[in-house]
Amino acid sequence: MYNACAAFDHGVQAAHDDEIRVGADTAIFKHLTFLLFKRNMLDGYGIADNLNDTEDCKENEKQDSSSKVSEDTDQNHDNAITEEITSTLEGLEMVLRCSANCVSISYHRIGQEALPIILSLLQQHLGQKLETYKNGVSKNCSNMIGHMNSFQSTSTASTTMSDKENLSCSNSVSRHCNDSILKTGTKIIGHFARVGQLTEELASTKYLLTTLKQIISAPKDACVPIESRMNCLWIIANLACSADNMIKMANHPGLIDTIVNVASHPTQKDEDDCQNVMEYLQIIRSRSIAVRAIHNLSWAQENKIPLAEHLDLTEALLNTASHRNSDWTGHGKGVSTILLQSRRHAAAALRNIAAAPRRYKRRLCRLRDGGFLETLAEFAMADPDREVRDKIHATLYNLVSADTAKQFIEKKAVLDVIINAATSMGEHSEGDSDCTTSHTLAVQTLRSLEKAIPEDEDDYDALRPVLSRFDSQIAMNKSQTNLGMGMSSPLGRSGL
């Protein structure tokens, strides 16, 4: 298997396609099932050996010594098989670096049988890590060995040190295999998840969402590899692209809370505690994927209400959308790019959630002690990215209703941002897509506010100067340039 991995470990997609066509995935999977059967058989014999040892416990030291050798041999065999299982999974992951079409072919060959096996392996090796974390096995063993060394004779101490070396070696193998299986197993599922036609079947696979959630939410001190956590987040984000999966995933117990927890970091303390840029990158990459998952889930109309009710989720999106700079920016590792992607996803998710029914729009506008709209207005005015500003203006537009119009009117800073965007046509060139989109949305927001407030109410009197200012500026733009006339005329009162 080592030689096979050496041959398959390359980045040539066409070659991986050929490997799938000749059945490399099937051969590797058959080898995996053989290894698992072999390990189960050895585990069965191990149980029988333990029973025999119990029955013969009164025999002499020679028999006890032979039993000890037998146990060590069984352990060595088990470690060897586990290592080969690890290599076999790695080989399968390598050949699945093929095109999406070949991944689909492979899934229909082996995926329906392989997926439950991989999930079982992930659960098993995650469980070992969590058990070690929970009980402090490594620390207890170390303390026990140190205590024994302090009080036993030189001969006995020598034997104890030998046991310690064996234990250390065994633990090292176990840790390596646990980490590798968690990383490789989640990556294999990730390959399947990049095929759009498979996402619905994957999301319906028993225990898949639960396993992904458990890996993501494992305590940091459990030493679950960050790669496996990010793989799981990426799988969830991809599965959430399917309209049929969105509702199911949003209703899966604890899944949204798990994603929101990741999206809530880094805090300022997290950023200050990072020792290097790579550690910081892992945190913001995880957040970026988590926010993308929320964005995807927020498309479903049925999800807008539960997401709008999740205050921690909204707060995480606002904090992400405001995160433009970092002390780690400028280290040449793409920090600024990841922050930008995160802000775009957060702004898009806010836009989708703002399209919730009227009473939830009102609830959103009351967040942050009534400062929710001002926060959005600051994003729309100050973010350097056009796409983020456009999506925030779309959020403001979606929030307008008869129930929220008064809150808009009371926020002069919010109205100023909307007016500036609505009257900014003369300041940009025809090819500026940001100007066109923001202008369109801002005009629509003003017209929606005008329709939402009856003319005989006091609030309309407060809105009237704003509308007059807007109309005057539009008229001025039309008189100054034919470009302004051409771009703004479809957005006049008759068009809305």
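Analyst: Helices are DSSP runs of type H or I with at least four residues, strands are E runs of at least two, and both are numbered from the N terminus. Ala243 belongs to such a run, helix α11 (residues 243-250). The structure is a predicted model, in which local features need pLDDT of at least 70 and side-chain atom pairs count only at pLDDT 80 or more, while totals for chains, interfaces and linings use all residues. Residues are numbered from 1 along each chain as its sequence is written, and side-chain values use heavy atoms, with hydrogens and water left out.

User: How many helices and strands does the protein chain have?

Analyst: The protein chain has 26 helices and zero strands.

User: Why is Ala243 called exposed?

Analyst: The relative accessible area of Ala243 is 56%. Exposed means over 50%, buried under 20% and partly exposed in between, for a 1.4 Å probe and protein chains only. Ala243 is therefore exposed. In space, its C-alpha lies 8.5 Å from that of Leu297, a residue 54 places away in sequence.

User: What makes His125 count as buried?

Analyst: His125, a residue of helix α5, has a relative accessibility of 2%, so it counts as buried. Leaving out residues up to four places away in sequence, His125 touches Arg39, Thr82, Asn178 and Ile181, where contact means heavy atoms within 4.5 Å.

User: How do you know that the side chains of His125 and Asn178 make a polar contact?

Analyst: The computed separation for this pair of side chains is 2.4 Å. A polar contact is a pair of N or O atoms within 3.5 Å; within protein, one must be able to donate a hydrogen and the other to accept it, and residues adjacent in sequence count only if both atoms are side-chain atoms. The value for His125 and Asn178 thus qualifies as a polar contact.

User: Why is Lys411 called buried, and where is Lys411 found?

Analyst: Lys411 sits in the loop between α22 (405-409) and α23 (412-422). Its relative accessible area is 17%, so Lys411 is buried. Gly370, Leu373 and Glu374 are the residues that Lys411 touches, not counting those up to four places away in sequence. With Glu374, the side chain of Lys411 also forms a polar contact of 3.3 Å.

User: What makes Ser99 count as buried?

Analyst: Ser99 has 14% relative accessibility and therefore counts as buried. This serine lies in the loop between α4 (61-95) and α5 (100-135). Apart from neighbours within four places in sequence, Ser99 is in contact with Gln13, Asp17 and Arg194. For the protein chain as a whole, 47% of the 496 residues count as buried.

User: Why are α17 and α21 called roughly parallel?

Analyst: Helix α17 (residues 335-353) and helix α21 (residues 386-399) pack at about 15°, with their axes 8 Å apart. Axes are lines fitted to C-alpha atoms, for helices over the stretch in contact, and angles run from 0 to 180 degrees between N-to-C directions. Angles under 35 degrees count as roughly parallel, over 145 as roughly antiparallel, 65 to 115 as roughly perpendicular and the rest as oblique. Hence α17 and α21 are roughly parallel to each other.

User: Which residues of α17 and α21 meet?

Analyst: Leu340, Arg343, Arg344, Ala347, Ala348, Leu350 and Arg351 in α17 meet Glu387, Val388, Lys391, Ile392, Ala394, Thr395 and Asn398 in α21. By class, this contact of α17 with α21 comprises seven nonpolar, two polar and five charged residues. Ala, Val, Leu, Ile, Met, Phe, Trp, Tyr, Cys and Pro count as nonpolar, Asp, Glu, Lys and Arg as charged, and the others, Gly among them, as polar.

User: Why are α12 and α14 called oblique?

Analyst: Helix α12 (residues 255-263) and helix α14 (residues 277-297) have axes that come within 8 Å and cross at roughly 135°. α12 and α14 are therefore oblique to each other. Among the residues making the contact are Ile259 of α12 and Leu297 of α14.
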